[in-house]
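Please study the sequence and the structure shown below before reading on.

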Amino acid sequence: MLYVRGVREFIRRWFTSAGISAVGSTPDYRFSLANERTFLAWIRTALALVGGGLAVDQFLPRLNPPYLRTVLAVALIVLGGFAATRSAIRWVQSERAIRLGEDLPPSRFPGVLAAVLGFGALFLAVAIVFG
Amino acid sequence: MSNQLNPERTDLAWRRTVLTATVAALLGVRGAVVHWPGPVAALAVAALGAAVGLIALVGRRRGDVLAAGPVRILTHRVWITTAATLALAAIGLASVLRP
(Lines give C-alpha, C1' and ligand atoms only; values in the text may rest on other atoms or scores of the structure.)
Protein backbone atom coordinates (compact mmCIF):
# COMPACT_ATOMS: atom_id res chain seq x y z
CA MET A 1 0.00 0.00 0.00
CA LEU A 2 2.82 2.36 0.96
CA TYR A 3 4.66 1.35 -2.19
CA VAL A 4 1.62 2.12 -4.39
CA ARG A 5 1.23 5.49 -2.64
CA GLY A 6 4.92 6.22 -3.24
CA VAL A 7 4.64 5.41 -6.96
CA ARG A 8 1.52 7.59 -7.25
CA GLU A 9 3.26 10.43 -5.44
CA PHE A 10 6.32 10.07 -7.66
CA ILE A 11 4.22 10.22 -10.87
CA ARG A 12 2.16 13.15 -9.57
CA ARG A 13 5.26 15.16 -8.65
CA TRP A 14 6.96 14.30 -11.90
CA PHE A 15 4.16 15.29 -14.24
CA THR A 16 2.41 18.11 -12.38
CA SER A 17 5.33 20.48 -11.85
CA ALA A 18 7.98 22.03 -14.00
CA GLY A 19 10.28 19.40 -12.55
CA ILE A 20 12.18 18.86 -9.36
CA SER A 21 14.44 21.81 -10.20
CA ALA A 22 11.47 24.13 -9.58
CA VAL A 23 11.33 23.10 -5.91
CA GLY A 24 13.14 25.10 -3.22
CA SER A 25 16.58 26.54 -3.83
CA THR A 26 19.56 25.14 -5.72
CA PRO A 27 21.76 23.27 -3.22
CA ASP A 28 25.53 22.70 -3.23
CA TYR A 29 26.05 20.53 -6.33
CA ARG A 30 27.92 17.93 -4.26
CA PHE A 31 24.67 16.98 -2.50
CA SER A 32 22.85 16.50 -5.82
CA LEU A 33 25.71 14.42 -7.22
CA ALA A 34 25.81 12.29 -4.05
CA ASN A 35 22.05 11.74 -4.46
CA GLU A 36 22.62 10.79 -8.11
CA ARG A 37 25.32 8.25 -7.14
CA THR A 38 23.00 6.76 -4.51
CA PHE A 39 20.31 6.40 -7.18
CA LEU A 40 22.81 4.67 -9.46
CA ALA A 41 23.92 2.35 -6.65
CA TRP A 42 20.29 1.27 -6.18
CA ILE A 43 19.86 0.79 -9.93
CA ARG A 44 22.94 -1.46 -9.91
CA THR A 45 21.43 -3.38 -6.99
CA ALA A 46 18.24 -3.80 -9.03
CA LEU A 47 20.20 -4.96 -12.08
CA ALA A 48 22.20 -7.39 -9.92
CA LEU A 49 18.95 -8.84 -8.55
CA VAL A 50 17.58 -9.26 -12.08
CA GLY A 51 20.85 -10.83 -13.22
CA GLY A 52 20.87 -13.07 -10.15
CA GLY A 53 17.35 -14.26 -10.93
CA LEU A 54 18.33 -15.07 -14.51
CA ALA A 55 21.46 -16.88 -13.29
CA VAL A 56 19.40 -18.95 -10.84
CA ASP A 57 17.06 -19.94 -13.68
CA GLN A 58 19.86 -20.85 -16.08
CA PHE A 59 22.66 -22.27 -13.95
CA LEU A 60 21.18 -23.70 -10.76
CA PRO A 61 20.68 -27.48 -10.93
CA ARG A 62 17.20 -28.92 -10.44
CA LEU A 63 16.05 -28.61 -6.86
CA ASN A 64 13.46 -30.48 -4.84
CA PRO A 65 10.62 -29.49 -5.17
CA PRO A 66 11.13 -28.91 -8.93
CA TYR A 67 9.37 -25.51 -9.05
CA LEU A 68 11.70 -24.04 -6.39
CA ARG A 69 14.21 -22.80 -8.96
CA THR A 70 11.52 -20.87 -10.86
CA VAL A 71 10.09 -19.43 -7.64
CA LEU A 72 13.53 -18.18 -6.58
CA ALA A 73 14.28 -16.70 -10.00
CA VAL A 74 10.92 -14.91 -10.18
CA ALA A 75 11.30 -13.61 -6.60
CA LEU A 76 14.74 -12.13 -7.37
CA ILE A 77 13.61 -10.49 -10.62
CA VAL A 78 10.46 -9.03 -9.03
CA LEU A 79 12.58 -7.75 -6.14
CA GLY A 80 14.86 -6.13 -8.74
CA GLY A 81 11.86 -4.40 -10.31
CA PHE A 82 10.79 -3.07 -6.90
CA ALA A 83 14.33 -1.86 -6.17
CA ALA A 84 14.48 -0.01 -9.53
CA THR A 85 11.14 1.73 -8.98
CA ARG A 86 12.03 2.54 -5.40
CA SER A 87 15.38 4.02 -6.47
CA ALA A 88 13.62 6.64 -8.61
CA ILE A 89 11.08 7.44 -5.89
CA ARG A 90 13.86 7.78 -3.36
CA TRP A 91 15.84 10.05 -5.66
CA VAL A 92 12.86 12.42 -5.98
CA GLN A 93 12.19 12.38 -2.22
CA SER A 94 15.85 13.02 -1.36
CA GLU A 95 16.30 15.75 -3.98
CA ARG A 96 13.19 17.54 -2.72
CA ALA A 97 14.39 17.30 0.89
CA ILE A 98 17.84 18.60 -0.07
CA ARG A 99 16.38 21.52 -2.03
CA LEU A 100 13.98 22.41 0.79
CA GLY A 101 16.68 22.09 3.47
CA GLU A 102 14.74 19.34 5.25
CA ASP A 103 15.93 16.06 6.81
CA LEU A 104 16.12 13.15 4.40
CA PRO A 105 12.98 10.97 4.69
CA PRO A 106 13.54 7.68 6.55
CA SER A 107 13.28 4.43 4.62
CA ARG A 108 12.74 0.83 5.71
CA PHE A 109 13.51 -0.59 2.28
CA PRO A 110 17.25 -1.33 2.80
CA GLY A 111 16.46 -3.27 6.00
CA VAL A 112 13.57 -5.15 4.39
CA LEU A 113 15.69 -6.01 1.34
CA ALA A 114 18.56 -7.24 3.54
CA ALA A 115 16.16 -9.40 5.59
CA VAL A 116 14.48 -10.89 2.50
CA LEU A 117 17.82 -11.68 0.84
CA GLY A 118 19.23 -13.13 4.08
CA PHE A 119 16.25 -15.44 4.60
CA GLY A 120 16.27 -16.31 0.89
CA ALA A 121 19.94 -17.28 0.99
CA LEU A 122 19.37 -19.40 4.11
CA PHE A 123 16.36 -21.07 2.49
CA LEU A 124 18.34 -21.79 -0.68
CA ALA A 125 21.26 -23.25 1.28
CA VAL A 126 18.88 -25.58 3.14
CA ALA A 127 17.20 -26.57 -0.15
CA ILE A 128 20.55 -27.37 -1.80
CA VAL A 129 21.90 -29.36 1.17
CA PHE A 130 18.72 -31.34 1.97
CA GLY A 131 16.81 -31.10 -1.32
CA MET B 1 40.50 18.56 -4.19
CA SER B 2 37.76 16.03 -3.43
CA ASN B 3 35.14 18.61 -4.53
CA GLN B 4 36.63 18.65 -8.01
CA LEU B 5 36.48 14.87 -8.20
CA ASN B 6 32.72 14.70 -7.54
CA PRO B 7 31.69 14.85 -11.23
CA GLU B 8 34.33 12.23 -12.10
CA ARG B 9 33.08 9.88 -9.38
CA THR B 10 29.53 10.33 -10.68
CA ASP B 11 30.64 9.64 -14.25
CA LEU B 12 32.37 6.44 -13.07
CA ALA B 13 29.17 5.42 -11.25
CA TRP B 14 27.32 5.72 -14.57
CA ARG B 15 29.94 3.55 -16.26
CA ARG B 16 29.62 0.87 -13.57
CA THR B 17 25.86 0.96 -14.03
CA VAL B 18 26.21 0.42 -17.80
CA LEU B 19 28.53 -2.54 -17.16
CA THR B 20 26.07 -4.10 -14.69
CA ALA B 21 23.22 -3.61 -17.17
CA THR B 22 25.32 -5.28 -19.89
CA VAL B 23 25.93 -8.36 -17.72
CA ALA B 24 22.21 -8.62 -16.81
CA ALA B 25 21.27 -8.22 -20.49
CA LEU B 26 23.75 -10.90 -21.60
CA LEU B 27 22.14 -13.35 -19.18
CA GLY B 28 18.77 -12.33 -20.60
CA VAL B 29 20.04 -12.88 -24.16
CA ARG B 30 21.28 -16.35 -23.23
CA GLY B 31 17.91 -17.24 -21.73
CA ALA B 32 16.02 -15.91 -24.75
CA VAL B 33 18.20 -17.68 -27.32
CA VAL B 34 18.14 -21.00 -25.48
CA HIS B 35 14.44 -21.14 -24.59
CA TRP B 36 12.51 -19.16 -27.22
CA PRO B 37 11.96 -19.78 -30.94
CA GLY B 38 13.93 -17.68 -33.47
CA PRO B 39 11.71 -14.65 -34.13
CA VAL B 40 10.69 -14.21 -30.48
CA ALA B 41 14.31 -14.58 -29.39
CA ALA B 42 15.40 -11.97 -31.96
CA LEU B 43 12.74 -9.57 -30.67
CA ALA B 44 13.83 -10.14 -27.06
CA VAL B 45 17.51 -9.65 -27.96
CA ALA B 46 16.66 -6.40 -29.76
CA ALA B 47 14.65 -5.16 -26.77
CA LEU B 48 17.45 -6.07 -24.34
CA GLY B 49 19.98 -4.32 -26.58
CA ALA B 50 17.75 -1.24 -26.76
CA ALA B 51 17.41 -1.12 -22.96
CA VAL B 52 21.17 -1.37 -22.39
CA GLY B 53 21.81 1.08 -25.24
CA LEU B 54 19.42 3.55 -23.63
CA ILE B 55 21.21 3.35 -20.27
CA ALA B 56 24.59 3.68 -22.03
CA LEU B 57 23.37 6.70 -24.01
CA VAL B 58 21.97 8.39 -20.92
CA GLY B 59 25.22 7.70 -19.06
CA ARG B 60 27.31 9.04 -21.95
CA ARG B 61 25.23 12.23 -22.22
CA ARG B 62 25.37 12.71 -18.47
CA GLY B 63 29.14 12.27 -18.53
CA ASP B 64 29.38 14.98 -21.19
CA VAL B 65 27.22 17.33 -19.12
CA LEU B 66 29.31 16.68 -16.00
CA ALA B 67 32.56 17.23 -17.89
CA ALA B 68 31.35 20.47 -19.48
CA GLY B 69 30.02 22.00 -16.23
CA PRO B 70 28.34 23.78 -14.52
CA VAL B 71 26.71 20.74 -12.91
CA ARG B 72 22.99 20.44 -13.60
CA ILE B 73 20.39 18.30 -11.84
CA LEU B 74 19.64 14.79 -13.18
CA THR B 75 15.82 15.17 -13.89
CA HIS B 76 14.36 13.03 -16.73
CA ARG B 77 17.39 10.71 -16.90
CA VAL B 78 16.20 9.11 -13.64
CA TRP B 79 12.94 8.14 -15.32
CA ILE B 80 14.61 6.80 -18.49
CA THR B 81 17.16 4.71 -16.53
CA THR B 82 14.44 3.28 -14.27
CA ALA B 83 12.23 2.44 -17.27
CA ALA B 84 15.12 0.67 -19.04
CA THR B 85 15.89 -1.33 -15.88
CA LEU B 86 12.22 -2.31 -15.55
CA ALA B 87 12.22 -3.38 -19.21
CA LEU B 88 15.21 -5.66 -18.52
CA ALA B 89 13.36 -7.09 -15.51
CA ALA B 90 10.18 -7.65 -17.53
CA ILE B 91 11.98 -9.48 -20.34
CA GLY B 92 13.91 -11.54 -17.78
CA LEU B 93 10.67 -12.45 -16.02
CA ALA B 94 9.12 -13.51 -19.32
CA SER B 95 12.11 -15.72 -20.10
CA VAL B 96 11.86 -17.40 -16.68
CA LEU B 97 8.09 -17.92 -16.96
CA ARG B 98 8.33 -19.40 -20.45
CA PRO B 99 5.55 -21.88 -21.28
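What percentage of the 131 residues of chain A count as buried? The share is 31%, where a residue is buried if 20 or more other C-beta atoms lie within 10 Å of its own, exposed if 12 or fewer, and partly exposed in between, with C-beta atoms placed from the backbone. This is a predicted model, in which local features need pLDDT of at least 70 and side-chain atom pairs count only at pLDDT 80 or more, while totals for chains, interfaces and linings use all residues. Residues are numbered from 1 along each chain as its sequence is written, and chains are lettered from A and ligands numbered from 1 in the order in which they are written.

**Confidence**

- The model has an ipTM of 0.92 and a pTM of 0.88.
- Chain B has a mean pLDDT (the predictor's confidence in each residue, from 0 to 100) of 89, and 97% of its residues reach 70 or more.
- For chain A the average pLDDT is 85, and 89% of the residues score at least 70.
- Among the elements of chain A, the lowest mean pLDDT, 65, belongs to helix α1 (residues 2–16), and the highest, 93, to α2(A).

**Make-up of chain A**

- Chain A contains four helices and zero strands; helices (H or I, at least four residues) and strands (E, at least two) are DSSP runs, numbered from the N terminus.
- Along the sequence, the pattern of chain A is α-α-α-α.
- Of the contacts in chain A between residues at least 6 apart in sequence, 74% join residues at least 24 apart; two residues are in contact if their C-beta atoms, placed from the backbone, lie within 7 Å.

**Contact between the chains**

- Chain A gives 35 residues to the contact, and chain B gives 33 residues.
- On the side of chain B that touches chain A, α1 (2–35) and α3 each supply at least two residues.
- The most comes from α1(B), with 17 residues.
- By class, this side of chain B has 18 nonpolar, twelve polar and three charged residues; Ala, Val, Leu, Ile, Met, Phe, Trp, Tyr, Cys and Pro count as nonpolar, Asp, Glu, Lys and Arg as charged, and the others, Gly among them, as polar.

**Helix packing across the chains**

- Two packed helices are described by the angle between their axes and the distance between the axes.
- Helix α3 (residues 68–100) of chain A and helix α3 (residues 76–96) of chain B pack at about 170°, with axes 10 Å apart; axes are lines fitted to C-alpha atoms, for helices over the stretch in contact, and angles run from 0 to 180 degrees between N-to-C directions.
- α3(A) and α3(B) are therefore roughly antiparallel to each other; angles under 35 degrees count as roughly parallel, over 145 as roughly antiparallel, 65 to 115 as roughly perpendicular and the rest as oblique.
- The contact of α3(A) with α3(B) involves twelve nonpolar, eight polar and no charged residues.
- α2(A) and α3(B) have axes that come within 10 Å and cross at roughly 10°, and these two helices are therefore roughly parallel to each other.
- In this second pairing, residues of α2(A) including Val50(A), Gly53(A) and Asp57(A) meet residues of α3(B), among them Leu88(B), Gly92(B) and Val96(B).
- The contact of α2(A) with α3(B) has ten nonpolar, four polar and one charged residues.

- Not counting residues up to four places away in sequence, Ala24(B) touches Leu47(A), Val50(A), Gly51(A), Leu54(A) and Leu88(B).

**Single residues**

- Gly53(A), in helix α2 of chain A, counts as buried because it has 28 C-beta neighbours inside 10 Å.
- Beyond four places in sequence, Gly53(A) is in contact with Ala73(A), Leu76(A), Ile77(A), Gly80(A), Gly92(B) and Val96(B).
- Arg9(B), in helix α1 of chain B, counts as partly exposed because it has 14 C-beta neighbours inside 10 Å.
- Asp64(B), in helix α2 of chain B, counts as exposed because it has 10 C-beta neighbours inside 10 Å.
- Asp64(B) and Asp11(B) are 53 residues apart along the chain, and their C-alpha atoms are separated by 8.8 Å.
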